[in-house]
Amino acid sequence: MATIRKSARTTTPAAERPHPDATRRSQRSRQAIYDAALALVGEVGYPKTTIEGIAARAGVGKQTIYRWWSSKAQVLLEAFLDLGEQAVRAQGQGEPYAIPDTGDIAADLKAVLRATVDQLYDPKFEAPSRALAAEGLVNEQLGREFVAKLLEPSLQLHVDRLRAAQAAGQVRPEIDPRIALELFVSPLAQRWLQHTAPISYAYTDTLVDYALHGLAPR
């Protein structure tokens, strides 16, 4: 009669088995949600983008989204912040970004505003930027977060560069940098948001010239 042998293979107790990396899985889900939110806003527009649509596109349950965010606006804001961080990593910038200081304040401001024009026309950035700016007007909390997390860091870079120009004697010492930067940043934002006229390198170069040299005869 044949003898039945027990298999030599042993079974590892469940407690000793390696567990899936929950953190990594969670990050993959978050990235999928970010990508889905940005893609949908670009394809169908912000009003038609829904939590259900984002969840379906990302391959997650909508309860997963609601566990992390309270609204589609919050999802989009965080997704947009992540998009900006990806852009910085892609450029290989290990240090925090600062407006270059070549010693020529006009050239430096023109260069950064030209880069801003490129970004505003970039399809990846344009749709979510417009959506967040518009939603921030009617959603006070989101508007405050939009300013604090997205606009304020950028504005502070302009302040820092203008202060350096003041120290170099290129800008009058009594000028308030926060007001001065609005002379070229605010008109650009208005044209772009309200479609009052095209934006271009020539336009932003002119804004810098007007801001630095004024309107009075020289």
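Colleague: Which element of the chain has the lowest mean pLDDT, and which the highest?

Modeller: This is a predicted model, and among its elements helix 4 (residues 72-90) has the lowest mean pLDDT, 87, while helix 2 (residues 51-58) has the highest, 96. Over the chain, pLDDT averages 86, and 85% of the residues score at least 70.

Colleague: What makes residues 1-12 a stretch to read with care?

Modeller: pLDDT is the predictor's confidence on a scale from 0 to 100, and over residues 1-12 the value stays under 50. For that stretch the model has 2 contacts beyond four places in sequence.

Colleague: How do you know which kind of secondary structure the chain has?

Modeller: Count the elements with me: there are 9 helices and 0 strands. From the N terminus on, the order reads α-α-α-α-α-α-α-α-α.

Colleague: Where does helix 7 bend, and what follows within four residues?

Modeller: Helix 7 (residues 140-167) bends by about 45° at Leu151. A proline, Pro153, follows within four residues. After helix 7 comes Gly169, whose phi is positive, near 80°.

Technical notes. Residues are numbered from 1 along each chain as its sequence is written. This is a predicted model: local features need pLDDT of at least 70, side-chain atom pairs count only at pLDDT 80 or more; totals for chains, interfaces and linings use all residues. Side-chain values use heavy atoms; hydrogens and water are left out. Helices (H or I, at least four residues) and strands (E, at least two) are DSSP runs, numbered from the N terminus. Contact means heavy atoms within 4.5 Å. The bend at a residue is the angle between axes fitted to the seven residues ending there and the seven starting there.
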